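Q: Hey, can you help me make sense of this one? I'd like to go through the sulfur links and then the rings.

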Amino acid sequence: MNDISSSNPLDPTAMLNLTVQSVTDQRVLTVIAKLHTDLSRDFTAEELGQKVGLRESQMRAVFKKIMGVSLMRFIKQERLTEAHYLFATEFLTVAKVMARVGFHDRSHFNREFKAAFGMPPGEFRKQCLAGKCPTAV
């Protein structure tokens, strides 16, 4: 298993790699891979379930059982992690990061980002631009 402490603490793939290594259900791995092909896309549980031969309700149940969180919560967490990484490494505007990770409402994104990382995305971005980018919490 990868040691996350030895990798870049801002790299979302480090945590994803740890997560994926602990998952043995191929259906869930396929869904995670599909989500990561385009985090900006609003996949539905029905659409993702069809990719792996499950009905929507089965998809939601299997995903939650294996991952310990609902599919929608997982998607939100992955989007926020990617947003954090983009602010820290690519110095994009808040609007561009939102578009890349699939948030459409600025106030919703601000609330979710602040809840996850302790500060609004604009402040986080400002600190990163000043060379004082906080690491993930």
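This is a predicted model: local features need pLDDT of at least 70, side-chain atom pairs count only at pLDDT 80 or more; totals for chains, interfaces and linings use all residues.

Q: Okay, so how many disulfides does the structure hold?
A: It holds 1 disulfide. Cys128 is joined to Cys133, with 2.1 Å from S to S.

Q: And what kind of bond is a disulfide, in general?
A: It's a covalent bond between the sulfur atoms of two cysteines.

Q: Is Cys128 buried or exposed?
A: Cys128 has a relative accessible area of 5%, and buried means under 20%, so Cys128 is buried.

Q: What about Cys133, how does that count?
A: Cys133 is at 24% relative accessibility, so it counts as partly exposed.

Q: Switching to rings: how many aromatic pairs are there?
A: The structure holds 8 aromatic pairs. One of them is Phe87 with Phe113, which is edge-to-face, at 5.6 Å centre to centre and 90 degrees between the planes.

Q: Where do Phe87 and Phe113 sit in the chain?
A: Phe87 is in helix α5 (residues 71-89) and Phe113 is in helix α7 (residues 106-117). They're 26 residues apart, so the pair links distant parts of the chain. Both Phe87 and Phe113 are buried.

Q: How are the rings of Phe113 and Phe124 arranged?
A: Their centres are 5.4 Å apart and their planes are at 65 degrees, so that pair is edge-to-face. Phe124 is in helix α8 (residues 121-129), 11 residues from Phe113.

Q: Which residues form the aromatic cluster?
A: Phe87, Phe103, Phe109, Phe113, Phe117 and Phe124 form one cluster together.

Definitions and conventions. Residues are numbered from 1 along each chain as its sequence is written. Side-chain values use heavy atoms; hydrogens and water are left out. A disulfide is a pair of cysteine sulfur atoms within 2.5 Å. Buried means under 20% relative accessible area, exposed over 50%, partly exposed in between (1.4 Å probe, protein chains only). Rings of Phe, Tyr and Trp (its six-membered ring) pair if their centres lie within 6.5 Å; planes under 30 degrees apart count as stacked, over 60 as edge-to-face and the rest as tilted. Helices (H or I, at least four residues) and strands (E, at least two) are DSSP runs, numbered from the N terminus.
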